[in-house]
Amino acid sequence: MEINLEEQFQKRIDEEVKIEPRDWMPEKYRKTLLRQISQHAHSEIVGMLPEGNWITRAPNLRRKVALLAKVQDEAGHGLYLYSAAETLGMSRDEMLEELHTGKAKYSSIFNYPTLTWADMGAIGWLVDGAAIMNQVPLCRTSYGPYARAMVRVCKEESFHQRQGYEIMLTLCKGSEEQKAMAQDALNRWWWPSIMMFGPNDDNSPNSAQSMKWKIKRFSNDELRQKFVDVTVAQAEILGLTIPDKDLKWNEARGHYDFGAINWDEFNNVVAGNGPCNKQRLKARVDAWEKGAWVREAATAYAEKRAKREKNKIEAA
């Protein structure tokens, strides 16, 4: 019977029928989705931190308002994604507990420091650009709640990417010092952005099954190559140099060849030893603990309101 259920499930996947929360699904499918969606949600929430401390230091009111709106969007993305993950049977408190204890991961990119205003441009252009490459295919992922959440996320991420690129363009049209600042940000964020797509396909144990279930539509290396091909042309418009001496156009492949990725650095950051891992996690734990009174007050109010409504119904 179990085999028949799995065959029927795969048939629905192959026919592009969305899987919904009450549908039967293999336990491994559920766990794979929980891991991916919760880590995606954690990344949105932790991703607010590198940018949040630049809101008050942005160069003018327009930049402050735009960056504030972006950080607010990221909080909303976390909310959509936690809600999607909850449909798989795991509470938000459980997901956050796994984040705070280090059991759950988030994108390694957010463990790097933001040293200058140009980093806000580089993050929008490169980090959000890489995120869009990853996330647009997720609008067609096989799990319905995840796919629907990603539609709005991707629309807002496209604004973030354009906002970042516009910051870089403004800097590159400014003084020599401003253009040097933009180049420095590119130098520091390029390789971490390339690493965002995850391990090479040969070292990505979950990719094949995720693609069979159509959770993922493209492999890590396919998405990474697409990102490089698109971004090199954008850097040329800015007049900036990609920090990769091995980068060159391959006519035979119709793609750019690029240098070797430092996977030791990637694995070290994922393991919790990046420049800002401890700082990011501490900030999240502190926010959770200091916000306990807000959650308690909201819960008490909801209970009081529900009791009042119940009394009205009984009195009627």
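## Helices, core and aromatic contacts

Helix 10, formed by residues 220–238, comprises 19 residues and reaches 27 Å from its first C-alpha to its last, close to the 27 Å expected at 1.5 Å a residue. The model described here is a predicted one. Buried residues of helix 10 include N220, L223, R224, Q225, F227, V228 and D229, and T231, V232, A235 and L238 are buried as well. The cover over these buried residues includes helix 6, helix 7 (144–172), helix 8 (176–195), helix 9 (207–212), strand 2 (255–257) and helix 11 (263–273). Just after helix 10, G239 adopts a positive phi of about 80°.

Helix 7, one of the elements covering helix 10, has 29 residues and reaches 42 Å between its first and last C-alpha, close to the 42 Å expected at 1.5 Å a residue. Helix 7 also bends by about 25° at V151.

The largest nonpolar core contains 77 residues, and those that touch the most other members are Y29, I37, W125, Y143, W189 and W190. Helix 6 (residues 118–135) gives the most to this core, with 10 residues. Leaving aside residues up to four places away in sequence, Y143 touches K18, I19, E20, P21, M25, Y29, L33, I37, A84, T87 and L88.

The structure holds 10 aromatic pairs. In one of them, the ring centres of F9 and W24 lie 6.2 Å apart with planes at 80°, so the pair is edge-to-face. This pair links distant parts of the chain: F9 belongs to helix 1 (residues 2–14), while W24 lies in the loop between helix 1 and helix 2 (27–46), 15 residues apart. F9 is buried, with a relative accessible area of 3%, whereas W24 is partly exposed, at 33%. The rings of W263 and F266 have centres 5.3 Å apart and planes at 90°, so this pair is also edge-to-face. Because W263 and F266 are three residues apart in helix 11, about one helical turn separates them. Both W263 and F266 are buried.

| Charged residue | Ring | Distance from charged end to ring centre |
|---|---|---|
| R57 | W54 | 3.9 Å |
| R295 | W288 | 3.5 Å |

Terms used
Residues numbered from 1 in each chain as written. Predicted model: local features only at pLDDT ≥ 70, side-chain atom pairs only at ≥ 80, totals over all residues. Heavy atoms only, no water. Core = buried A, V, L, I, M, F, W, Y, C linked by side-chain atoms within 4.5 Å. Buried < 20%, exposed > 50% of the residue type's maximum accessible area, 1.4 Å probe, protein only. Helix = DSSP H or I, 4+ residues; strand = E, 2+ residues; numbered from the N terminus. Contact = heavy atoms within 4.5 Å. Expected span 1.5 Å × (residues − 1). Bend = angle between axes of the 7 residues up to and from the residue. Phe/Tyr/Trp six-rings, centres within 6.5 Å; stacked < 30°, edge-to-face > 60°. Lys NZ or Arg CZ within 6 Å of the ring centre and 35° of its normal.
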